[in-house]
Amino acid sequence: MTERRPRLLLLAFYFPPSRASGVYRPRALANLLAGKGWDVTVFAAPLPFLRDAVGSFDEKLLDSVDPRITVVRPDLNLFAWQNVRGYGRFRGTFPHLARSMYDWGQRHVFPEHYASWARSSLRRALRMHARRRFDVVLATGNPFASFAAAWSFNRLTRTPYILDNRDAWTLDLFAEEPRFDAGHPAWTWERRVLDRADGAVFVNEAIRSWYAGRYPRAADRMMVVPNGWDRDTLGGAAEPPAVIRDGPHERRPRFSYVGTLTGEQPIEAMLGGFERAREHPDLAGAALDLHGYLGFFKGAESRLRERLAATLDGAADAREHRSGVRFRGPVSKTEIAEVYRASDVLVFLAGGARYVTSGKIFEYMAAGRPIVSVHAPGSAAEEVLRDYPLWFNPGGLDPADIGASMIAAAKAAAGLDRRQLDEAGAHAARFERGVSLEPLVRRLTELAGRKRAA
């Protein structure tokens, strides 16, 4: 008789084809466990929400999900995202009453717009568990309604669960202060879910320490599992940049930023630094390509495009500006390796400081390119970058210092050799997903084994 495979319920609202930054960690874990013989079921966001409500959709990402994984998409009440044309009969007839009832639920039931998804997830999970039981649950946040669903499922079935804090619920990572007032129900819910959790995972030590100080009873069950990079999207070992000289003509250095641009990032400092770098004769024709979306959700693109244009001398369109800055638009994760291969220097642009690592930095290191930091001093990413041999850190957001680091990085790119690439690759290998997720896999395996033995 063959032994039953361990069975995981992964509550990951943001999962392919969502293009939210939090997609890649649960995708990698689900694929990794499926490859190890686990029976993996993922509860994710409904497709109409991704496609129509928030416009966060990358169809090609679906191809990167292991076909052995079962993906379920519980219902979500779209009340918070509806415009008047989407109102149902009750809301259309009694709009103020409908709003009052919805707000009451936010204050007294669960303080998040995704609460209905948690309720739908709980109902679906209980039905599936009755047919074939789950051994362990992993809930990822945000949204943090997934934590409430895991807690409720545990109360009813005693199935162990781990909370993966890809983000911080009650800590504002950018302002570096509590996100809510003292009486907000999020605090009650966070303490509740942590008290019963069999583990709580954080992406860096700074966030873990903050939570351990606030919730000491759960501190011994907290662990750090950093983000990482995905071999299936980056391919094999990095190669040196394309030949710097093309016949008698020197090719201009190509700087690249890869990732979603957001309002939290010091965009003006990056562009100002690049302008200073181009004053150097060797970089007069350099280009800075911006690859990615403008914001994660609908409405953000126009604001960020205006911000870019205002910085670039008021240009109406940043795509082909004389400054050498070009907005290239989004690139699928499945095509990202080619962007890195075509780049000489990568610009790491990040908001926040000590609590913000950013998942993109791991991918940057795996690409084997010189990296110029553009972020506030003391960023959590510095812990990861410190031993990366091709890191150029201006130490702050002064455009002159950023420009000097860009010049130095371009010179390093021109002389990049196999030895340097191997040293960079050895450092990046510590953060490949299969390595970085291993402590979490061990903990899940332990919990699943304990549950199956009970």
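# Exercises on a parallel sheet and its helices

Strands 8 and 9 run parallel and are joined by 3 bridges; two strands count as paired if DSSP finds at least two bridges between them, and helices (H or I, at least four residues) and strands (E, at least two) are DSSP runs numbered from the N terminus. The model is predicted, with local features needing pLDDT of at least 70, side-chain atom pairs counting only at pLDDT 80 or more, and totals for chains, interfaces and linings using all residues. Residues are numbered from 1 along each chain as its sequence is written, and side-chain values use heavy atoms, with hydrogens and water left out.

**Exercise 1.** Determine how the chain passes from strand 8 to strand 9.

*Solution.* 
1. Ala200 has Met222 as its bridge partner in strand 9.
2. The chain crosses from strand 8 through helix 8 to strand 9, a right-handed β-α-β crossover (with the strands pointing away from the viewer, the path from the first strand over the helix to the second runs clockwise).

**Exercise 2.** Trace the pairing of strand 8 with strand 5 and describe the side chains of strand 8.

*Solution.* 
1. Strands 5 and 8 pair in the parallel sense over 4 bridges.
2. Within this pairing, Asp164 has Val201 of strand 8 as its bridge partner.
3. Gly199 and Val201 point one way from strand 8, Ala200 and Phe202 the other way, and all are buried (under 20% relative accessible area; exposed is over 50%, partly exposed in between, with a 1.4 Å probe and protein chains only).

**Exercise 3.** Give the strand order of the sheet and identify its edges.

*Solution.* 
1. The sheet is open and has 7 strands in the order 3-2-1-4-5-8-9, with parallel pairing.
2. Strand 3 (70-72) and strand 9 (222-224) each have a single partner strand, so one side of each lacks a neighbour in the sheet.
3. At the pairing of strand 1 (residues 7-11) with strand 2 (residues 39-43), 5 bridges join the parallel strands.
4. Leu8 stands opposite Val40 in strand 2.
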